[in-house]
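Here's a walk through this fold, one piece of packing at a time. Keep the structure open alongside and follow along.

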Amino acid sequence: MALPMELRCWGADWSLPSVHPESLTVLAYAKFSGANITVSPIDWTWRTWRTGSVPELLCGDEAVTEPKHILNVMRKQGCNADFDLSSRQGADTLAYIALLEEKLRPALLHTFWVDAENYANVTRPWFASRSPFPLNFLVPARHAGHALSHILLTRGGAGPLHTVTEVEGKIYSEAKECLNLLSHRLGTADYFFGNTPSSLDAFVFGLVAPLHKAVLPSSGLQSHLRQLVNLTCFCDNVLRVHFSPGSSNGNHAGPPVQEAVDANLLKLTQLVNKESNLIEKMDDNLRSSPQHKPRRPHPKPSLANESSRPDPKLIP
């Protein structure tokens, strides 16, 4: 009997069940394999500080992080999206996932966390708005620091770094080649191996979908992706078939993603909206009511004025 599983991850936005690539990968695999999981977004909680442990899967007494380990736990629970793959396809899956980690992930990290314009206008505001005070100041900076460290450690090379521009050029050049290879491998098919999705589809979706759906003010990589129509259609198809309300996936149907909304925040928002509407109605009523000049009583003569008036009897 499969144990109950709870997945803690970043929440939804940009028409995605999660904006976090690793969380999105696990959510997609859960849908593909039919895993019965309870999704608990960490938005607006103090768990946002534990950014290194997201996504986190709780299964029985076991707590597992990182997509590759989480997927292994799901397989042990009988949720295996790769069950029908041949040994050749299994080997190709491992090779493509390694390629994604080496070539595409650094460019994705740079796009969202290192690029100054994207970070200031998109990434930082989103993660800050989903973190409680005072973590809203700390969480985005911590993410950005981790992203830059990962890029420098994995793509900086053995020699000294000459210029940031050279490193960026190398990262994005390799990422575009990786996207081209994925596009060629996918072709006109719905998924990478036949008519059913596998773990490779989950990893590709997790990395490519945020780049496809986010509204970025600065991204040559996003512009390149939009030229690869089959990859963008792949992301849209996964969202439509596996994540849209009421979607039916046959044997791969999974539970709908649960969006945990902070009840107090929701009540406060509703209260503010009601008060705002009430104030607007009162303002409209005041504006539409007839305006009259206020009546003021004539001032009464003061005692000093009365005493200074001449007695009419004494006037000749």
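Look at where α3 and α5 touch: on the α3 side you'll find E102, K103, R105, P106, L109, H110, W113 and V114, and facing them from α5 are P140, H143, A144, A147, L148, H150, I151, T154 and R155. Sorted by class, this α3–α5 contact counts 9 nonpolar, 4 polar and 4 charged residues. Keep in mind that we're looking at a predicted model. As for the geometry, α3 spans residues 87–114 and α5 spans residues 135–155, and their axes come within 9 Å while crossing at roughly 145°. The crossing of α3 past α5 is left-handed.

As a rule, most residues other than glycine have a negative phi, and most peptide bonds are trans. Another spot to check against that rule is W14, not a glycine, yet with a positive phi of about 55°. You'll find W14 in the loop that runs between β1 and α1.

In what order do the 4 strands of the open sheet lie? Reading across, they go β2-β1-β3-β4, with mixed pairing. The edge places belong to β2 (37–41) and β4 (62–65); each has a single partner strand, so one side of each has no neighbour in the sheet. From one strand to the next, the twist averages 20°.

Now take the pairings strand by strand. In general, strands of a sheet pair through backbone hydrogen bonds, either parallel or antiparallel. Here β1 and β3 run antiparallel and are joined by 4 bridges, and along that pairing E6 sits opposite L58 of β3. On to the next pair: β3 (residues 56–59) is also antiparallel to β4, again with 4 bridges. L58 turns up here too, with A63 of β4 as its bridge partner. The hairpin of β3 and β4 has 2 residues between the strands, and in it G60 takes a positive phi near 65°.

Which strands does helix α2 touch as it packs on the sheet? The α2 helix (residues 67–76) reaches β1, β2, β3 and β4, and its direction makes about 135° with that of β4. Helix α1 (residues 21–33) lies across β1 (5–9) and β2, and runs at about 150° to β1.

α1 also has a helical partner. Two packed helices are described by the angle between their axes and the distance between the axes. For α1 and α9, the angle is about 55° and the axes are 11 Å apart; the two helices are therefore oblique to each other. Their crossing is left-handed. On α1 the contact residues are L27, A28, K31 and F32, and on α9 they are V238, H242 and F243. This α1–α9 contact divides into 5 nonpolar, 1 polar and 1 charged residue.

Stay with α9 (residues 229–243) and turn to α7 (residues 199–213): the axes of these two come within 9 Å and cross at roughly 110°. That angle makes α7 roughly perpendicular to α9. From α7, D201, V204, F205, V208, A209, H212 and K213 make the contact, and from α9 it's T232, F234, C235, D236, V238, L239 and F243. By class, the α7–α9 contact has 9 nonpolar, 2 polar and 3 charged residues.

Confidence is highest in α7, at a mean of 97, and lowest in helix α11 (residues 303–308), at 47. Residues 248–269 have pLDDT below 50, though the model still gives that stretch 30 contacts beyond near neighbours in sequence. Residues 302–308 also stay under 50, and there the model has 1 contact beyond four places in sequence.

Notes:
Residues numbered from 1 in each chain as written. Predicted model: local features only at pLDDT ≥ 70, side-chain atom pairs only at ≥ 80, totals over all residues. Heavy atoms only, no water. Axes fitted to C-alpha atoms, helices over the stretch in contact; angles between N-to-C directions. Parallel < 35°, antiparallel > 145°, perpendicular 65-115°, else oblique. Contact = heavy atoms within 4.5 Å. Nonpolar A, V, L, I, M, F, W, Y, C, P; charged D, E, K, R; others polar. pLDDT = per-residue confidence, 0-100. Pairing = 2+ DSSP bridges. Left-handed = near helix turned anticlockwise from the far one by under 90°.
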